[in-house]
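Me: Please take a close look at one part of this model. I would like to see how the two chains meet.

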There are 2 protein chains.
Amino acid sequence: MIERIAILGTGLLGTSTGLALRAAGFQGSIAGWNRSPEQAETALHMGAIDTVAADPLEMARSCQILVLATPVLAILDWMEQLAGVMEPDQVITDLGSTKAKISTAADRHFNRKGRAAFLPGHPMAGKERGGASLAEANLYRDAVWLFTENPAWKRTEGASQIIVEWRAWVERMGAKIIDLDAERHDELVAWVSHLPQFLSTALSAVLEDQVGEVPELKDVGGRGLREMTRLGASPFSMWRDIAHTNSDEIAKALLILEQRLAHLRENLHTPELRDEFEKANRFRRT
Amino acid sequence: MIERIAILGTGLLGTSTGLALRAAGFQGSIAGWNRSPEQAETALHMGAIDTVAADPLEMARSCQILVLATPVLAILDWMEQLAGVMEPDQVITDLGSTKAKISTAADRHFNRKGRAAFLPGHPMAGKERGGASLAEANLYRDAVWLFTENPAWKRTEGASQIIVEWRAWVERMGAKIIDLDAERHDELVAWVSHLPQFLSTALSAVLEDQVGEVPELKDVGGRGLREMTRLGASPFSMWRDIAHTNSDEIAKALLILEQRLAHLRENLHTPELRDEFEKANRFRRT
């Protein structure tokens, strides 16, 4: 039975995880720590955690499962530090946006004889702005929560039991679990998450150059423009690590989209344009 | 006083115009005609028009203001036909998505001695699907309604008075009027309306190729993906005329966006990426 959870990183996702666990009926303790103490205090006041830990490594030692809820590069740093601190019956799971590098690190530092277990995870939920104060108990409701387990990994029976229970809590938080390979994960999210983000950023940046000086003209675009540029508000701090740890897949997706736009541009007067619209229609229909 | 309005084309916009006029308190008659009679019957049953005209040219002769609410190429065809039918005290206004070609035709066929008046208009409202049955009385609420008048145009005093009144009705329908030059209009909408549409179409088409065969993976993208591909559902029939009548401006905008995406792609590891995110943030802030 999971009774002691620790959340390392009480930003939007970490704090929402605490709130969602409580809303789903979790009765045990939830400790939290954040590099910026104000974020941890906010999570405490919101009821997402019930203690703010003084020392993150001490917190890690005393939990059954540690939720790593920082950006990806920080997750990789923490994994190195935690490898020497946590015991074989303990579990770490993360909420990071890319999985290939994290799964490789999990392979190196965890999931083998004498080491703690590591379960790489990625809830497909978020907002265009971060921070504990925007956290919500229902952030994961109807979202997909991806796990990228490697069947070759070895855990103790105790750690395996905690992982089974954690997956049940994820479902109680309202998420739908999909398991897939770490490389396939990174390829997939490049298409359905990172590409839309970079498109919205590029569109917003181009429009800032073209019509940014005339704010009333932004209204002209209406709902379509608002939706297409909403992700443009996402801060670089959230996306830097994703760009760094999934750059090959993102570059591949961007190049294919550039070619598709050029194809549209060269066919504004030809029947090819109809084919592209009809293919786009099919994506939205199914 | 405007007492007799005719709507030629009772699709989404034409029918919404009738509903919005009624909701704003218009008490006069509203006749309607549509190439497909079922759409006109739907508009009639919804209360957007109070008669279905048997003959569109006869309907045009007997109104004070005719609202041309068809796609752009059909508007251009109707303008030629209506030029020989309508009188100098009558007004035509259109709801077409591009304005340079329509303004040129207005210059040629209308707005001079012995000819009816033409007021080129463009309400920035719509849905990703058309048709009378989706019409709404509040479609234009808080939307921008663009007019592209040429100061050199000449009208009778009667026609000028109808135009003043029509602009007042547009505001009573809840829209905010902006006047601008027809060429500037087409350049502007290429950026804030046509570019977002073509981007969403290209993204949806690429994703149909990449993940279309695995419907459950579409859920992975969540709200961001849904918003970025919503316009991908727009039918070609609505966009063909726009692509044909504003192709130079659309091609220019697409090319600049392609270059911007290539710039992002080449800078996934450099500080340039931060600059692009920050510029995008600025667009959303103001």
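Reply: A residue is buried if 20 or more other C-beta atoms, placed from the backbone, lie within 10 Å of its own; with 12 or fewer it is exposed, and in between partly exposed. Helices are DSSP runs of H or I, at least four residues long, numbered from the N terminus. This is a predicted model, where local features need pLDDT of at least 70, side-chain atom pairs count only at pLDDT 80 or more, and totals for chains, interfaces and linings use all residues. Residues are numbered from 1 along each chain as its sequence is written, and chains are lettered from A in the order in which they are written.

Start with α10 (residues 236-245) of chain B. Its buried residues are B:Trp239, B:Asp241, B:Ile242, B:Ala243 and B:Thr245. Their cover includes α4, α5, α7 and α11 of chain B, and also α12 of chain A.

Now the whole contact. Residues touch if their C-beta atoms, placed from the backbone, lie within 7 Å. Chain A gives 71 residues and chain B gives 71 residues. On the chain A side, α7(A) supplies the largest share, 19 residues.

Follow α7(A) to α11(B). Their axes, lines fitted to C-alpha atoms over the stretch in contact, with angles from 0 to 180 degrees between N-to-C directions, come within 10 Å and cross at roughly 125 degrees. The two helices are therefore oblique to each other: under 35 degrees is roughly parallel, over 145 roughly antiparallel, 65 to 115 roughly perpendicular, and the rest oblique. Among the residues of α7(A) that meet α11(B) are A:Phe198 and A:Leu203. Those on α11(B) include B:Ile256 and B:Arg260.

Note on methods:
Contact = placed C-beta atoms within 7 Å.
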